[in-house]
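Student: I have a model open and would like to go through it piece by piece. Can you start with the terms and then take my questions?

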Amino acid sequence: MTSTDHDPAASCDAAVVVAGGAARRLGLDKPELVVGGRRLLDAAISAAGGASIVVVGPPRAVPEHVVVVREDPPGGGPLAAIAAGLAAVPATARTVAVLAADLPEVEPSTLARLAALRAETAAPVALAEDPHGRPQYLLAVWDAAALRAAIAGIAGIGSAENAPVRAILPPDAPRLRLPLEDADTPEDLARAERSPLAIRRLLRAALPALPAAGGPPAPGAALAEPLVAAAPFPPFDQSAMDGWAVAGQPPWRPVDGAALAGHAAPPLDPGTAVRIATGARLPAGAERVIRDEEIVTDGSALNCTDTARNDVRPAGSAWPDGATLAPAGAAIDPALVSLATAAGVTAIAARGPVRIRLHTSGDEVGAAGRAGLPETAWGPVAAVFEASGARVLRGPHLPDAPASFRAAILPDGADVVAVIGATGRGAADRLRGALAEAGATLLVDGVDVRPGGSLLVATVPDGPIVLGLGGNPMAALLGAALLAKPLRAALLRETPPAAELLALADPNPDDRWRMLPVEPDGAGRWRMPATVATPHLRDAAGRRAIALVPPLAQPGDLVERLA
């Protein structure tokens, strides 16, 4: 594919990425900023998918298929950049995405939804708006002819230099509210770096992969190499139906006996037929199988109503020997184990399953007397990890003593050491001190989500990954739900599946991300609780899912199901 070819799977034919880098309020070159392990420029390029992509700005490192041009004059503003980028877009492009390289969470689905809105409304352009309802002029999908006409109209009355983008927008352009905000200020950047989406992406980029090992495929692991068939399937010509195996042309003379699955059958002579069961090997001499309902009895002879019928599964018709059946990174589930068995594969290189040693902590947990609290978090948190495919071991309870935390993060065969509690900075919180003494690298220190945002993720030299969860049962449960699958995907180098989405029945009035237990309303949407208490799991009991809800989400919005 050349730089001007359009991928049919892309939502737009072309994309213009405005990447000038001028950021007066931020004081940094925004397209080169890394948020969640990804450059903002790379986020924009990735969002454009297989479209023909033109980046407008100073010279930058980009993939080979991306064209870089400069607006005239340099620094002439976003409209001048759009004009320069549009001039480099293939003339055959019918739709053009315009987006700035300052959107940390823009994805291919973002442009797909905007393109769908534009197509549904037959409007010249559809643009995004942020959760507060503010238009995002540099996140839009245009009809290419309309954009060219709009740019020509501006040029006809003056220069595009320093002209506002809104000058080319029709006043009634449809808008799509999205949980996206640009990074214009240091505060915006700090918030973007702590968003749950950025944190999970950072883990996938920063955590080391577990070593691959050969052996029988096990559920909970992920392939470290493609699954390649060692045998064809079916391994022999096989009957697909209960019926008759026949040799030669009709009419056929039935012979005694039957060809049964798992048993050998005597060969057939021309002009004869024998009963055959589904899955049975085709007898030698047989040419086809005719299902029972299409067999006609004519005295002592057999005939058929469909002379073209052949209910045989030929050997290798599902796949031949050497066929690739699943790519590296595929999750190993019971279906894939079955597939490997059918393909004659008894051992394969894989990573995982992830082994998690889960500790509770705190002197108050399980203590006798009026100052103690019962331990109520380990079971629900372990269930979340196990549902993600991990194998969970119960670690000893950790009292509020430095030595217990130092011992907990020593290597002992666990890939991840998870600790419920001790993620704060109080006098009794010992996890940070133990990590500092061990020379750990702190990757995550809090997530901008509530409840459950009190999270730590660290790597210990020659030791395990350490995950610190909030001390309250609800915070621990929700934190585990947020990070269980990203941890697995990162450590196993698993290809993350598409998110499961739920439609909200209620709004989120909060200007922050929230994690909440939700329950279906019986009409296709999911209800959120009005409030969530964190010291216990009353508000999670009986709820069928946990959802990650964007700031200011509205009823009908699609949100991610975490667990």
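Tutor: Two strands pair if DSSP finds at least two bridges between them. Helices (H or I, at least four residues) and strands (E, at least two) are DSSP runs, numbered from the N terminus. This is a predicted model, in which local features need pLDDT of at least 70 and side-chain atom pairs count only at pLDDT 80 or more, while totals for chains, interfaces and linings use all residues. Residues are numbered from 1 along each chain as its sequence is written, and side-chain values use heavy atoms, with hydrogens and water left out.

Student: Fine. Which residue in β4 is the bridge partner of V18?

Tutor: V56 is the bridge partner of V18. Strand β1 (residues 14-18) and β4 run parallel and are joined by five bridges.

Student: And what stands opposite V54 in β5?

Tutor: V67 does. β4 and strand β5 (residues 67-69) also run parallel, with three bridges between them.

Student: What holds paired strands together in general?

Tutor: Strands of a sheet pair through backbone hydrogen bonds, either parallel or antiparallel.

Student: Where is there an antiparallel sheet?

Tutor: β10, β22 and β11 form an open sheet of three strands in the order β10-β22-β11, with antiparallel pairing. β10 (213-215) and β11 (222-223) stand at the edges with a single partner strand each, so one side of each has no neighbour in the sheet. Three bridges join β10 to strand β22 (residues 348-351), and A213 stands opposite A350 in β22.

Student: Helices next. Why is α2 described as largely enclosed?

Tutor: Because seven of the ten residues of helix α2 (residues 78-87) are buried, it is largely enclosed by the rest of the structure. The buried ones are L79, A80, A81, I82, A84, G85 and L86.

Student: What about α6 and α11, at what angle do they pack?

Tutor: Helix α6 (residues 196-206) and helix α11 (residues 473-492) pack at an angle of about 25°, with their axes 8 Å apart. That makes α6 roughly parallel to α11. Axes are lines fitted to C-alpha atoms, for helices over the stretch in contact, and angles run from 0 to 180 degrees between N-to-C directions. Angles under 35 degrees count as roughly parallel, over 145 as roughly antiparallel, 65 to 115 as roughly perpendicular and the rest as oblique.

Student: Which residues meet there?

Tutor: From α6, P196, I199, R200, L203 and R204 meet L482, L483, P486, L487 and A490 in α11. Contact means heavy atoms within 4.5 Å.

Student: And how do α8 and α11 sit?

Tutor: The axes of α8 and α11 come within 9 Å and cross at roughly 10°. That makes α8 roughly parallel to α11. P380, V381, V384 and F385 in α8 meet A476, L477, A480, A481 and A484 in α11.

Student: Where is S388, and is it buried or exposed?

Tutor: S388 is in the loop between α8 (378-387) and β24 (391-394). S388 is buried, with a relative accessible area of 9%. Leaving out residues up to four places away in sequence, S388 touches A484, K485 and R488.

Student: Switching to backbone geometry. Which residues does a cis peptide bond join?

Tutor: P251 is in the loop between β14 (243-246) and β15 (253-259). A cis peptide bond also joins R450 and P451, with omega about -15°. P451 is in the loop between β27 (449-450) and β28 (456-459).

Student: What is phi of D462 near?

Tutor: Phi of D462 is near 55°, a positive value in a residue other than glycine. D462 is in the loop between β28 and β29 (465-469) and is exposed, with a relative accessible area of 77%.

Student: And L552, buried or exposed?

Tutor: L552 is buried, with a relative accessible area of 17%. L552 has a positive phi of about 55° although it is not a glycine, and its place is in the loop between β33 (545-549) and β34 (558-561).

Notes. Buried means under 20% relative accessible area, exposed over 50%, partly exposed in between (1.4 Å probe, protein chains only).
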